[in-house]
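Dear colleague,

Please find the structure below, handed over for your records. My notes on it follow directly after.

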Amino acid sequence: MDQSTAQSETQHQSVTFSQGLALDCGRHLREVTVAYRTYGTLNAAKSNAILVCHPLTCDQYVAETNPETGRPGWWERAVGPGKPVDTDKYFVICANVLGGCMGSTGPRSPHEDDPLRPWGTDFPPVTIHDMVRAQKLLVEHLGIARLFAVVGGSMGGMQTLSWATQFPAMVFAAVPVAAAYYHSAQNIAFHEIGRQAIAADPFFYGGRYWAEGVTPERGLAVARMTAHITYVSEVALTRKFGRKLQDAAELSSLGDRFEVESYLQYQGSSFVRRFDANSYLTITRAMDLFDLAADYGGVLANAFKGTKTRFLLVSFSSDWLFPTAQSRAIARALNHVAANVSFVEVQSDKGHDAFLLEEPDFHRSLGGFLAGCAEHAGLK
Amino acid sequence: MSGPKKMRVDLALIAAMVAPGSRVLDIGCSEGTLIEHLFREKKCDARGLEIDMQTVTRAIGHGVPVMQGDADADLAAYPDGAFDYVILSRTLQAVEKPREVLAQMLRISTHAIVSFPNFGHWTLRLQLLLTGRMPMTANWSRMWYETPNIHPCTIRDFFALCDKDGYIVEEWLAADEEGARTPWRRSRALANLFGEQALFLLRKA
C-alpha cells in the first residue's frame, strides 16, 4: 500500500487505503490517501507514538526542511531531538489533513469518477472529525493501538479534541494548544472574507482554474493576508512595523508604502506558490463547521464523559482568534466530568501565532506535561 | 516529574490524613509538591488548582497536573463526589467566600482538609490589646489595607462554622509555625490560644 505519489513536483510519502472513508456529509470516498512523515523510533511495545496535528496551512513536514518551500519544519521549535516533543524519546507522526494539498486526498487529487481531472470543487465537504478518521487509518496502519499523545495547535487543536472525543481509548494524553471547541461567528466571518476574495478572482473560474492552467493568486493572497492579521496581535504588528515606511525615512509622498503592507503582500505571495485554492476553501469550511458541543447535544462536557485521557490546555494571553476563554471553557467542561486536566495561559504578546514561535513557558509546560504523562503511562 | 523533595511539615501532616489510592484535588497547590508526594508515595490520583499563572507553568513543567483557576470561581465546575479529598492549605483566609468554598469542597468531595493560620493566637490577641492596631506577625505580615488574608478566623470560629453548616470534624490539630504538633491539641481553648496553624479533616454529616 505504501507508495509515493506525484501530485505537484514533490514526492510525498503516503499510504492509500482501498477501503476508502465514510464522511460526515454522508458521502463515501472510495479510496483515501494519507501523506505523512514520521520522526524518531517506535518502541517494541508501540507505546511511544505522538501524533502531531497540523494547523490550517501547515503540512506533514513538522520537523524537517519542507521540500516545497525549502524552509525549516513548521514546528521545529517544539518537535525534534531534545525538544518538548522529543524525537529521541517519542515516535512522532504528522499527516497532511484530508482535504489538504500536500499528498493527502483533497481537491487536487484525481477525481474518483474521472481520474484524469482533479476533484476541484466537486470534492465533498469534509469535517475535522473526517480528518481525524483518516489519521486513524494511518495510525492503525502503523500498528499502533494507542497513541501516547495527540498534540496540535489551532486547527490541530480542534483535531486533538476530535481525537480525544471520537477515540478516547486511543489517546493517553491530549494537548490542544491555542484551540477552540467551536468556530465563532468572528472566526467564520474572517474565513468568509478569504473565501470571497478567492471566488472574486477572475482566475478562479468557479473553482475550475486547474482546467484553464491558472491559479487565483490574487484572491488566495488576499485570503492569506486577511487570515495572517488574525494570527498576530496588534502589539506584535506595532513592534515589528509600527508606522515604518518601505524605502523611506518619513512620509514624503502620499504614494509611500508602509512596511506592514509589503510584509502582508509577501505573506500572501509566498502562500499562493504552495497552497491550492480549493484546498483552502475545503479546510476553512471544515474549521467553520467544527462545534464539539453541538455534536453532543449542546453540552461540551458530554463530549468528554468517562474520559481517561490526561489533558493539557494551553492558551496565549494575546490570542484574540482562539482566546483564552475558549481554552478555559474546555478545561471547565473537563472539570465537569472530573477529568485529569492541566491548563495554563502563557503570557505572550505575539497573538495566535505564539504557539509556533519561541515561547519558553509554553515549551517548558509541553515538555514537562509529556514527561509527567510518560511516567504515568509507564514509558521509560 | 523531578526527584523527591523535602516537604513542608504542614504538608506532611496533610499527606498523613489522605488514604492511599484516593482521588485528590489540592486547591492552592503552589508548585505541586504535595501532589507529587501523594502520587509517588500513596499512588493517589492527585491534581491541583492554582491561581498564579507563573506557578502553574512551573508545576506543569515539573509534570504535575495543575489547572490555573481559583477556589471561588472554579470549584462549581466539578461534579458531586468527584474526589475523596479536597485540600485547601493556608488559603481559606484569602478566598472571597470561605463558607461557599467549604460548601463546594464538601459537595465535590467526601472529605475536606483545611489548614489556616489561627487568628486567635495569643500574640495576635496581645498586640491588638496593647497597641490597638491590627496585629502583625510572621503569618500576618501585611498591612490591613493590602493583605490578601481578607477573612481571618480563629480555631473556635472555624469549629462554630462547622457546627452551623453541619460538617463533622473527623480530625483536627493545632501546630506551631513549623507544623509540629503541639501538646495541648486536645483542648480547643488552649489550641486557640497557642496554635499558630490549624488543620481540620472534615466530612459532611
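In these notes a residue is called buried if 20 or more other C-beta atoms lie within 10 Å of its own, exposed if 12 or fewer do, and partly exposed in between, with C-beta atoms placed from the backbone. The model is a predicted one: local features need pLDDT of at least 70 and side-chain atom pairs count only at pLDDT 80 or more, while totals for chains, interfaces and linings use all residues. Residues are numbered from 1 along each chain as its sequence is written, and chains are lettered from A and ligands numbered from 1 in the order in which they are written.

I begin with helix α8 of chain A, residues 277–289. Helices (H or I, at least four residues) and strands (E, at least two) are DSSP runs, numbered from the N terminus. Of the 13 residues in α8(A), 10 are buried, including A:Tyr280, A:Leu281, A:Ile283 and A:Met287. The buried residues pack against α1 (128–141), α2 (155–166), α3 (185–200), α4 (209–212) and α5 (217–231) of chain A; contact requires C-beta atoms, placed from the backbone, within 7 Å.

Chain A is assigned domain 1 (2–183 + 291–377) and domain 2 (187–285), with bounds from an automatic or database domain assignment. The C-alpha centres of the two domains lie 25 Å apart. Across the boundary, 26 residues of domain 1 are in contact with 20 residues of domain 2.

Between the chains, helix α12 (residues 360–377) of chain A packs with helix α3 (residues 53–61) of chain B at an angle of about 40°, the axes being 7 Å apart. Axes are lines fitted to C-alpha atoms, for helices over the stretch in contact, and angles run from 0 to 180 degrees between N-to-C directions. A:Asp361, A:Arg364, A:Ser365, A:Gly368 and A:Phe369 meet B:Thr57, B:Ile60 and B:Gly61 there.

Chain B contains eight helices and seven strands, and its C-alpha trace spans about 50 × 35 × 30 Å along the principal axes. Of its 205 residues, 47% are buried. Among contacts in chain B between residues at least 6 apart in sequence, 65% join residues at least 24 apart.

Yours sincerely

Definitions and conventions. Two residues are in contact if their C-beta atoms, placed from the backbone, lie within 7 Å. The expected span of a helix is 1.5 Å times one less than its number of residues.
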